[in-house]
Amino acid sequence: MYTDRFFEVKQFARHFFRALGPHGVHSPLVYQLITEILHAKNRDVVFDSIELERTKFLRIHSIIPVEDFGTGSRSNNSSTRKISSIANTALQSTHCAQALFKLVRHFQSENILELGTSLGITSAYLASANPAGKVWTLEGAPAVAMEAEKVFSSLDISNVKVEIGDFSKTLDPVLQRMSRVDFALLDGHHSYKPTLKYFDQVSKFCHPGSIIVLDDIHWSPGMNAAWDEIRAKPEISLSLDFFHFGVLFFLQRPQKERFTLRLP
């Protein structure tokens, strides 16, 4: 794990010096995405309510069982964890979660898939971005999923369906029920082979216009390699590397484009 942390720090330094701001991007679509969508200063009213739920979790020190089918946490690989510890180390940052909200809202994604519910904070952002859509979210640990359900109830969010269990057993049935994926967040198994496998499974249900977000793309050498391999696939015409996550577009474009960007 120390090796992975050192690797991530090196990747961050590399990203920092290579990343472009909006005025360094010579693509009208990407320029608009940065300046008009991700950089928009308007703050949705739901943001404060969701962040209040995050704050509540940071103050809860109860211990719950965590059945982790992925690579676990760098800071704690125990089978039990404090809720406050999960909230502090495993949740998407506010900045990243709100960026995903803006993407879903702009593209009005209806059929949304999330691998890795955790405590439901990012799920709440995805569901709130388009209340007319539906979020299917997969979580391996029943006790963690139960905490997420409390968030959805507290926020009066009714368009989220939580599936509990190992992704290798739950993903295919969920995809069959969805039949079409407009937006997917893959954030549950930070290693090379599973990431490629889940991408291949999900991409079969994508269409021109679908978006897949890979979380923690520079978390380890394996995740870095998976990101490079996936964005080179012929069906991916546009990829955006924001360091903490990568965005993949299934667009019909004449040429493949890749951008390394600063998250506004």
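Author: Lys56 is partly exposed, at 38% relative accessible area (partly exposed lies between buried, under 20%, and exposed, over 50%; 1.4 Å probe, protein chains only). The model is predicted: local features need pLDDT of at least 70, side-chain atom pairs count only at pLDDT 80 or more, and totals for chains, interfaces and linings use all residues. Residues are numbered from 1 along each chain as its sequence is written, and side-chain values use heavy atoms, leaving out hydrogens and water.

Lys56 pairs with Glu53 in a salt bridge, 3.2 Å from N to O (a side-chain nitrogen of Lys or Arg within 4 Å of a carboxyl oxygen of Asp or Glu). Glu53 counts as buried, because its relative accessibility is 7%. Both sit in helix α3, three residues apart, so about one helical turn separates them (helices are DSSP runs of H or I, at least four residues; strands are runs of E, at least two; numbering starts at the N terminus).

Helix α3 holds another such pair. Glu51 bridges to Arg54, with the closest N and O atoms 2.7 Å apart. These two are also three residues apart, so about one helical turn lies between them. Glu51 and Arg54 are both buried.

Now the packing of this helix. Helix α3 spans residues 46-58, and its axis comes within 12 Å of that of helix α5, residues 94-107. The axes cross at roughly 140° (lines fitted to C-alpha atoms over the stretch in contact; angles run from 0 to 180 degrees between N-to-C directions).

Across the whole structure, the search finds 10 salt bridges.
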